[in-house]
Amino acid sequence: SPCDAISEEWVLDIVKRAEEEWGFKNINLIIDDSWQLPHSFEPAVATDRFPNIRKFIDGLHKRGHHVILWQTAMFDVISNGFKTRAQRLGVLSEYRYAGENDPGKYFESRNMDARAIDYTSDNARQFIKEVCEKLFGDGEGQYNADGVKMDFMGLLRDPETAHYAHPEKGMGHKELLHFYEMMYEETKKVKPDAIIDCTVGD
């Protein structure tokens, strides 16, 4: 995968080139999926490529740059070898992205067990709150990032076949709207100027 080449050292080299050769002073830097373990909304760092992401981000802040981290918000991959926050808080559904639910056989071809997050669950807001604190907070063990670039937002569960903990909170696109509202509110509580970027009309 091309992303395997992306590491802390590689990014810093590109930033240095942008500063010195291209004259950029303030960069909004989006780091794609290479910073984390495969496709997990749990903010789990791939430490082989980014050994100290907080130090890395703080260092870029000192140079006048912002760091935006790529994320998948609609699902967690549970084949990464650890129990995800979504599993621990009981917000991960049994809805699996496989067969007809796997566009282009993306997950199957990568041997990923991807399960939809149920944002109608009782603990959905607590889940988002904890993720936002980890991503945007400036306390011990938090990353102090400046925003997220969310991907795969079109992977909505099929309301005809999916189970929703509280369907009255929203199914299909209404569940997506419910997620956006909670994500916005919890992000702004932690870092008011953080950016939430995604293809809303995906």
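**Figure 1. Tyr119 and Phe127 are both buried in this predicted model.** Phe127 has a relative accessibility of 0% and therefore counts as buried. Tyr119 and Phe127 form a tilted aromatic pair. Their ring centres lie 6.4 Å apart, with an angle of 45° between the planes.

**Figure 2. Phe41 and Phe127 form an edge-to-face aromatic pair.** A search of the whole structure finds 16 aromatic pairs. In the pair of Phe41 and Phe127, the ring centres are 5.7 Å apart and the planes stand at 65°. Because planes over 60 degrees apart count as edge-to-face, the pair is assigned to that class. Phe41 is located in the loop between strand E1 (28-31) and helix H2 (53-62), whereas Phe127 belongs to helix H5 (residues 124-136), so the pair ties together parts that are 86 residues apart in sequence. Phe41 is buried, with a relative accessible area of 1%.

**Figure 3. Ring pairs link a cluster of aromatic residues, including Tyr106.** The cluster consists of Trp70, Phe75, Tyr95, Tyr97, Tyr106, Phe107 and Phe152. Over the face of Tyr106 lies Arg110, at 3.7 Å from the ring centre.

**Figure 4. The charged end of Arg157 sits over the ring of Tyr164.** The distance from the charged end of Arg157 to the centre of the Tyr164 ring is 4.1 Å.

Methods:
Residues are numbered from 1 along each chain as its sequence is written. This is a predicted model: local features need pLDDT of at least 70, side-chain atom pairs count only at pLDDT 80 or more; totals for chains, interfaces and linings use all residues. Side-chain values use heavy atoms; hydrogens and water are left out. Rings of Phe, Tyr and Trp (its six-membered ring) pair if their centres lie within 6.5 Å; planes under 30 degrees apart count as stacked, over 60 as edge-to-face and the rest as tilted. Helices (H or I, at least four residues) and strands (E, at least two) are DSSP runs, numbered from the N terminus. Buried means under 20% relative accessible area, exposed over 50%, partly exposed in between (1.4 Å probe, protein chains only). A charge sits over a ring if NZ of Lys or CZ of Arg is within 6 Å of the ring centre and within 35 degrees of the ring normal.
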